[in-house]
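Please open the structure in your viewer and keep the selection tool at hand.

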Amino acid sequence: RLCELLDNAGRGWRKLAELAGAEKRFKCSAEELEMCSLKVLEPRGSPTQCLLQLLAERDCTLRYLLGCLERMGHEQACRVLSSAVQDMIRITVQPESQVVAEGTQVSLTCCATGPPGLVYQWFCGRQEVPGAMSPELVIDTATLAGQPKWYICRVNCGATFTFSRWAHVQVEKSSSPSSASGYCLTMAGLQILRQPRPCRLAEGDTLALECRAIGNPPPQYQWFRNRRPVEGAQAPQLQVKLVTTAERGSYSCRVFNLFHEVWSQEVDVEIGEGPRQTSVTPHLICSQVGCQLCWLWVTWKAGVSHSVTPPSPIPAATDKVALLIGNMHYLHHKQLQAPTVDVHALGALLRQLDFKVVSLLDLRKAEMQMAVDEFLLLLDKGVYAGLLYYAGHGYENFGNSFMVPIDAPSAYTSEHCLCVQRVLREMQQRRTGLNIFLLDMCRKRNLNDDVIPQVGALEVTANIVFGYATCADAEAYELSQGELSNGIFVTFLKRWLLEDEKITVLLDKVAEDMGTLEITRGRQALELRSNLSERRALTDPIRPPGQDESSARNLQWAKAHVLPESRHLRFDCGVTVQLGFAAEFSNIMIIYTRVVAAPKDITKCEARLMDIPEELDVDLKCTNKESPEEVGSPLAPVWSLGCPSCCLYSRICGLQKLRQELAFTVCLQYRYQGMDDFVEERQRVNVGRPLIAKLNLQ
C-alpha cells in the first residue's frame with residue numbers, strides 16, 4: 001500500500017529518503033538512491049519498496065517512519081501506518097538473570113514503549129508479586145528461601161499486552177568462597193540455560209531463535225549466521241519477520257561477559273516448501289496466567305543444556321579483484337544499451353564487498369586483450385577471488401565461449417574474439433583462490449566459425465564458477481526504457497550480490513528469480529557451471545596482506561584509478577577558471593570548467609575545451625554542455641553529484657587509446673561591459689595519463 005502511495009515524483013519516495021536521512025544512519029548514498037530509481041525498469045519493480053528495504057536493514061522503526069511521513073504531510077500514508085504503531089507495545093529493557101549473595105537486594109527492570117497508560121505486573125513463578133506494578137522490582141534475597149526464583153513481567157494497555165523474558169535469580173550462601181566478591185565460582189562464570197533449536201520455515205514466516213544464559217556479571221549476546229555476526233542481533237532472542245531464502249543458514253550465539261565466553265550449539269534454519277517446525281511464541285492470557293506460566297516453566301527447564309566450542313573462523317581473503325567489461329557501440333553489429341548501467345551497478349556493489357574494480361566500456365580486440373593481461377597482473381597466489389564480468393555480444397562454439405570486441409568484422413570468427421577458456425587457463429596459472437566468470441552475452445552458435453580452438457588442458461583446481469546469463473544456444477536480453485537499460489541477468493543479480501552466501505548458492509537464487517520473469521520465460525534462463533568444493537563467498541572478509549605481498553598489485557590497480565588533480569587557471573584578463581575531473585568508468589572521464597572569479601567590468605564569460613586528441617572517442621556535439629544530462633551519459637545523475645554547479649561539462653571516452661599524455665586547450669571567451677564582441681584567451685593544459693591510460697593498453 002505504501003508503494004502505491006509513494007511511487008511518484010511529488011511527495012514520494014525521494015522526499016521520504018531525504019527526511020529519513022536527517023538521522024545519519026538512515027541516510028542513503030547516491031548509489032543507493034540510483035538503485036532505488038532503477039527499480040522502475042523492472043517488472044513490478046518499486047523504488048519505495050527498495051527504499052523501505054534499505055531502511056529496514058538499518059533498524060529503522062515504524063515510529064520513526066511514521067514521523068517522516070507526518071513531516072511530509074502525506075495523510076494517506078500516515079493512516080496506513082498509524083494504527084499499527086499506536087497499538088504496539090514493545091519491551092525496550094528486559095530483566096537480566098543475576099547471581100547474588102544471600103542477604104543482599106537485587107533489582108530487576110522491565111521498560112516498555114507503547115500507547116499511554118501502560119500497566120506493569122511482575123510474577124514470581126506462577127504467582128503475582130503483590131504490589132509489584134512498576135517497571136522496577138526490588139527483591140530481598142533473605143525472603144527467597146523455598147520460593148521459586150524465576151521472574152517475568154507483563155505489560156498491558158487494556159486488552160493489548162506482552163510479556164518480558166524470564167529472569168533467573170540465583171542466591172549464593174554467604175559462606176560460599178565467592179560471597180565476598182558476589183561472583184559465583186560454581187557456575188564457571190556463565191551457564192547457557194536454553195539452547196537455540198533448528199527449525200524449518202516457509203517464506204513469509206517469522207524466524208524466532210532463543211538462547212538464554214545466566215551469569216555474574218549479566219551475560220551479553222551476539223548472534224551469528226554462517227559464522228558471521230548478524231548486525232543488531234544482540235539480544236537473547238533473534239527474531240526475523242517475513243523470512244526469505246536469504247535467511248537460511250547455520251545460526252549460533254556467542255554469550256559473554258567481562259570474564260568469560262561460551263557459545264551455543266550451532267543450529268540449521270531451513271527455509272522453503274514442505275512441513276516445517278516453527279518456534280512457538282508463548283501466548284499469555286491474564287485469566288489463565290497460572291497454567292501458561294507453568295508451561296513456560298517446563299519449556300525453560302527442558303532447554304537447559306551444555307555450551308559448545310565456538311565455530312572455526314571462515315576463510316579470510318587477502319585481496320579480491322574484478323575486471324568488468326561492457327561493449328555497446330559496435331562498428332559492424334547491433335548497438336547495445338544495457339552494459340553502461342550494468343557495469344556501473346555491478347562495480348558499485350563489488351566495491352562494497354572490498355573488491356578492487358576496473359570497469360571498462362567499448363574495447364577493441366587489442367584493448368580487450370591488454371585489459372585482460374593487466375587484470376592477470378593483479379592476480380597471484382595471495383588473491384582470494386578473481387572475477388571477470390563481460391556484457392556485450394558473444395557466442396559459443398564447441399563448448400568454448402567467445403567475447404566479441406567492438407571492432408569485430410561482420411563475419412567474425414574466433415580469430416577476432418577473446419576465448420573465455422583461454423583467460424581461465426591463464427588465471428589458473430596465477431593460483432588465484434577462486435575464479436568467477438559472469439558472462440552476460442548470447443551463446444548462439446556462430447555459423448561463420450568452424451574452427452575448434454586449441455585451448456589446452458585446464459587444471460583440476462575445484463575453484464571455478466561460471467555464471468552464464470543464458471543457456472547454451474540461447475540469447476540474452478535487456479530491458480529498455482528510454483535511455484536507461486538493464487540486462488536481465490544483472491537486474492536480478494543486483495538483488496543477491498551482497499548476500500553472505502556461497503557463490504554457487506547465490507547464483508542459484510538469481511536463477512530462481514529470473515525464472516519468475518514472464519517476458520523471458522522459455523527464452524532466457526541462467527546457467528551455472530561450477531566445480532567449487534569449498535564454501536567461498538564474495539562477502540568473505542579481507543585480511544590485510546604483508547607489504548611485499550600486495551604492493552605490486554596495489555600499485556597496478558591504483559594506476560588505473562588516478563584522476564588528475566583539480567586546478568585553477570588564471571588568465572591575463574583577471575578571470576580564474578577551475579578545471580575539475582570525475583570518473584564514470586576506468587576509461588571514461590568527465591572534465592568540467594567553471595569560472596570562479598572575474599573582474600567586475602566583465603559581464604559574461606565561459607571556458608570551453610578545444611583540441612582534444614583525435615584518437616579519443618569524443619562527440620563534439622556532447623562537449624561543453626551546461627548540464628550533465630546533455631553530455632550523452634545515462635549515469636549523469638550519479639557522477640554529477642560530486643561536481644559543482646554552473647559548469648560546462650565534457651565527456652571523454654576511450655582513454656585506453658591514448659598514445660601520449662592527454663593535452664587540450666581551454667578557451668576563455670568573455671565580454672566587457674558595454675561591448676558587443678567577445679574576446680578570447682587560450683591556455684594549453686596537460687593532465688598526464690588519467691585513469692586506465694596509465695597502463696598503456698596501446
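The stops below concern a pair of helices and then several salt bridges.

This is a predicted model, in which local features need pLDDT of at least 70 and side-chain atom pairs count only at pLDDT 80 or more, while totals for chains, interfaces and linings use all residues. Residues are numbered from 1 along each chain as its sequence is written, and side-chain values use heavy atoms, with hydrogens and water left out.

**Stop 1: two helices**

Select residues 13-20, helix H2, and residues 30-37, helix H3. Helices (H or I, at least four residues) and strands (E, at least two) are DSSP runs, numbered from the N terminus. The axes of H2 and H3 come within 11 Å and cross at roughly 155°. Axes here are lines fitted to C-alpha atoms, for helices over the stretch in contact, and angles run from 0 to 180 degrees between N-to-C directions. H2 is therefore roughly antiparallel to H3, a term for angles over 145 degrees.

Next, display the side chains of Trp13, Arg14 and Ala17 in H2, which meet Leu33, Cys36 and Ser37 in H3; contact means heavy atoms within 4.5 Å. The residues of this contact comprise four nonpolar, one polar and one charged. Ala, Val, Leu, Ile, Met, Phe, Trp, Tyr, Cys and Pro count as nonpolar, Asp, Glu, Lys and Arg as charged, and the others, Gly among them, as polar.

**Stop 2**

Side chains of opposite charge can pair when their charged atoms come close. A salt bridge is a side-chain nitrogen of Lys or Arg within 4 Å of a carboxyl oxygen of Asp or Glu, and the whole structure holds 24 salt bridges.

Select Arg165 and Glu96, whose closest N and O atoms are 2.6 Å apart in a salt bridge. Arg165 lies in the loop between strands E9 and E10, and Glu96 in the loop between strands E1 and E2, 69 residues apart. Are these residues buried or exposed? Arg165 is buried, at 9% relative accessible area, whereas Glu96 is partly exposed, at 28%. Buried means under 20%, exposed over 50%, and partly exposed in between (1.4 Å probe, protein chains only).

**Stop 3: a strand and a loop**

Select Glu527 and Arg443, a salt bridge with its closest N and O atoms 3.1 Å apart. Glu527 lies in strand E31 and Arg443 in the loop between strands E27 and E28, so the pair ties together parts 84 residues apart in sequence. Glu527 is buried, at 18%, and Arg443 is buried, at 2%.

**Stop 4: a network**

Finally, select Arg228, Asp500, Arg535 and Asp540, which salt bridges link in a network.

Methods: Parallel < 35°, antiparallel > 145°, perpendicular 65-115°, else oblique.
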